[in-house]
Amino acid sequence: MATPETDLFLLASVVAGIALGTASGLTPGLHANNFALLLAAVAPAVPAPPTVVVAAMLAAGVTHTFLDAVPALALGVPDAAMAASALPGHRLVLAGRGREALRLSVLGSAGALVVSVPVAVPATAAMTAAYPTIRAHLSLVLAGVVALTLATEVTWRARGGGLVVLALAGGLGVVALPLEPRAPLPASVLTPLFAGLFGAPVLLDALEGAGVPPQDGTGLLLAPRSVALATAAGACAGGAVGYLPGVSSAIAATAALAVLPGDAGDRGYVVATSGVNTANSIFALFALVALGTPRTGVLVAVDRVGGAPALGTALLVVVLAGAVATGLVLTVGDRYLSVVGALDPRRLSVGALVLLTGLSWLFAGGVGLLLFVTATAIGLVPPRLGTRRVYCMGVLLVPLAL
């Protein structure tokens with residue numbers, strides 16, 4: 001039975017989780033997973049019920065899905081001459097529309113939160129019935145996901161490049177995932193793998209960039225109908241992968257982009273990808289409750305502590321964290337862009353690379369440094385082969401399919 005003391009503990013844990021999610025979201029290379037693993041390690045010493053610690057983890061995870069768009073837009077901005085091959089969010093920043101991009105991101109995340117909570121109930125019931133069949137044929141399901149992703153490429157060169165990247169990342173995953181390195185903090189080989197595959201290459205390619213140019217107003221230049229469609233596409237795609245092991249938000253975002261209206265462009269991409277990340281965290285929570293299978297690093301830590309709290313409590317925590325995170329993006333995001341824009345972009349990129357290197361060592365020791373360098377080399381391959389970096393998710397997909 002809930003007591004005023006328990007409620008106070010719960011509220012304090014949500015506030016702490018939001019603070020941790022904000023810190024991880026605004027720090028390149030740091031994920032809510034890292035804080036969740038740290039919380040799981042210290043949970044036995046916390047003078048509160050496990051539910052309180054779990055609430056902090058859930059709040060941190062959801063907050064991160066809102067705030068991580070800020071450094072993604074502000075850091076790694078390439079030279080304007082490379083805008084055609086830049087990430088869609090970076091193209092908006094180069095055009096002076098970074099503040100608009102932040103608001104589009106908030107719309108995608110907040111909209112996905114609103115859509116996901118009611119839709120997850122019937123979706124989870126259906127998935128509970130279908131999951132035994134999916135699990136029995138997981139290799140075929142994952143192969144189908146890869147095939148559909150390749151089909152969204154517009155050229156055979158891009159498809160061939162995608163297969164090469166998939167094989168390289170998959171080989172790395174086969175070698176790296178079974179490792180149990182010794183590290184100063186709770187070990188996680190995923191930290192150096194993801195930092196190398198997705199973070200460092202963007203920063204390296206942006207070393208010669210001019211950084212964040214002056215940004216214009218906050219008005220949205222995407223039609224409300226397109227915003228709604230992109231949000232719905234992101235929520236549905238994020239929900240679909242929330243039940244499937246190894247299928248990342250990046251892959252879900254690729255699927256979402258395939259159904260966006262033609263006028264959505266880069267702005268629709270920002271909305272959809274933000275929606276995917278948030279929806280994935282909601283549906284993954286339902287998957288943990290219904291199927292007992294954690295699908296994200298945060299939920300793995302939750303499972304270690306003792307499982308999710310009552311679903312009603314968990315959803316209340318998630319909605320509260322999402323509401324606060326919405327305000328944080330709008331208040332902190334603009335300032336973040338201004339501060340980054342005033343700094344030397346080369347030094348900023350080098351500093352971020354040093355940070356990623358340090359995080360790789362903290363969470364995986366000397367092995368982590370080797371994995372980070374190897375993953376970075378693979379992460380540099382996709383743009384050189386004219387394909388998308390999403391195939392780097394082979395680091396999880398291939399080992400699971402074998």
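Author: The turns below take up a helix pair, a ring pair and a pocket in this predicted model.

Reader: What makes H6 roughly antiparallel to H14?

Author: The axes of helix H6 (residues 98-136) and helix H14 (residues 311-342) cross at roughly 175 degrees and come within 9 Å. Angles over 145 degrees count as roughly antiparallel, and therefore H6 is described as roughly antiparallel to H14.

Reader: Which residues meet in that contact, and how do they divide into nonpolar, polar and charged?

Author: On the H6 side they include Arg99, Leu102, Val106 and Leu113, and on the H14 side they include Leu315, Val318, Val329 and Asp334. The residues of this contact divide into eleven nonpolar, four polar and three charged.

Reader: Why is the pair of Phe194 and Phe198 called tilted?

Author: The ring centres of Phe194 and Phe198 lie 6.0 Å apart, with the planes at 45 degrees. Centres within 6.5 Å make a pair, and planes under 30 degrees apart would count as stacked, over 60 as edge-to-face, so the 45 degrees of this pair leaves it tilted. The structure holds one aromatic pair, and its two residues, four apart in helix H9 (residues 190-205), are separated by about one helical turn.

Reader: What lines the second largest pocket, and which helices supply at least two residues each?

Author: That pocket, with about 230 Å³ of space, is lined by twelve residues, of which Val145, Leu148, Val241, Ile251 and Ala255 are the closest to its centre. Helices H7 (138-151), H10 (224-241) and H11 (249-257) each supply at least two residues of the lining, which divides into ten nonpolar, two polar and no charged residues.

Technical notes: Residues are numbered from 1 along each chain as its sequence is written. This is a predicted model: local features need pLDDT of at least 70, side-chain atom pairs count only at pLDDT 80 or more; totals for chains, interfaces and linings use all residues. Side-chain values use heavy atoms; hydrogens and water are left out. On a 1 Å grid over the protein atoms alone, a cavity is a set of points where a 1.4 Å probe fits but cannot get out, and a pocket is an open set with protein on both sides within 12 Å along at least five of seven lines; lining residues have an atom within 4 Å of a point. Grid points are joined across faces, edges and corners, and a volume is the space filled by probe spheres set on the points. Ala, Val, Leu, Ile, Met, Phe, Trp, Tyr, Cys and Pro count as nonpolar, Asp, Glu, Lys and Arg as charged, and the others, Gly among them, as polar. Axes are lines fitted to C-alpha atoms, for helices over the stretch in contact, and angles run from 0 to 180 degrees between N-to-C directions. Angles under 35 degrees count as roughly parallel, over 145 as roughly antiparallel, 65 to 115 as roughly perpendicular and the rest as oblique. Contact means heavy atoms within 4.5 Å.
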